[in-house]
Amino acid sequence: FVLVQHEHQNRLTWAECILSCSVLSTSISELMQLILDGAGEYFSSSWNWFRVLACGLFWMGLYCKKRSVDDMDLSDERYYAAALFFMWMQVLHLLSVHKALGPLVIAFSRMR
């Protein structure tokens, strides 16, 4: 069952090219921070784990998209979705220190 049917192409769209440049700059920045801080100190922060996971999942999605031979193979979109989750977690972390939005983010995180 397909909710939205679209043509799955191996070519990158312009949006994916822009996003790839952004993720590439983030990946290089994180790699430099890892080299300068050392692995022990770098991975002691959970937010660095989120950044590494987000970048890694994005690159896995890009790899799967380029290697896809089957039009119904949507594994690249699964990787993109997981990377987007970790990217949004970083945005929520940044918003938690905002004076107006912080309490709202904290309230949503405590809802179960």
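Is Met32 buried, partly exposed or exposed, and what is its relative accessibility? Met32 has 49% relative accessibility and therefore counts as partly exposed; the term covers values between buried, under 20% relative accessible area, and exposed, over 50%, with a 1.4 Å probe and protein chains only.

Good morning. The structure before you is a predicted model, in which local features need pLDDT of at least 70 and side-chain atom pairs count only at pLDDT 80 or more, while totals for chains, interfaces and linings use all residues. Residues are numbered from 1 along each chain as its sequence is written, and side-chain values use heavy atoms, with hydrogens and water left out.

Let me begin with confidence. The predictor's confidence in each residue is called pLDDT and runs from 0 to 100. The chain averages a pLDDT of 80, and 77% of the residues score at least 70. Helices here are DSSP runs of H or I with at least four residues, numbered from the N terminus. Over residues 1–5, pLDDT stays under 50, and the model has one contact beyond four places in sequence for them; a contact means heavy atoms within 4.5 Å.

I turn now to helix H1, which covers residues 14–37 and contains Met32. Its 24 residues should span 34 Å at 1.5 Å a residue, and its end C-alpha atoms are 35 Å apart, which agrees. The expected span is 1.5 Å times one less than the number of residues.

The buried residues of H1 are Glu16, Ser20, Val23, Ser27 and Glu30. An α-helix has 3.6 residues a turn, so residues three or four places apart point the same way. The buried residues of H1 pack against H2, H3 and H4. Glu30 counts as buried because its relative accessibility is 10%. Beyond its neighbours within four places in sequence, Glu30 is in contact with Tyr42, Asn48 and Arg51. Just after H1, Gly38 takes a positive phi of about 90 degrees.

Finally, consider helix H3, residues 46–67. Its 22 residues reach 31 Å from first C-alpha to last, close to the 32 Å expected at 1.5 Å a residue. Among the buried residues of H3 are Asn48, Phe58 and Leu62. The buried residues of H3 pack against H1, H2 and helix H4 (75–95). Thank you.

Definitions and conventions. Helix = DSSP H or I, 4+ residues; strand = E, 2+ residues; numbered from the N terminus.
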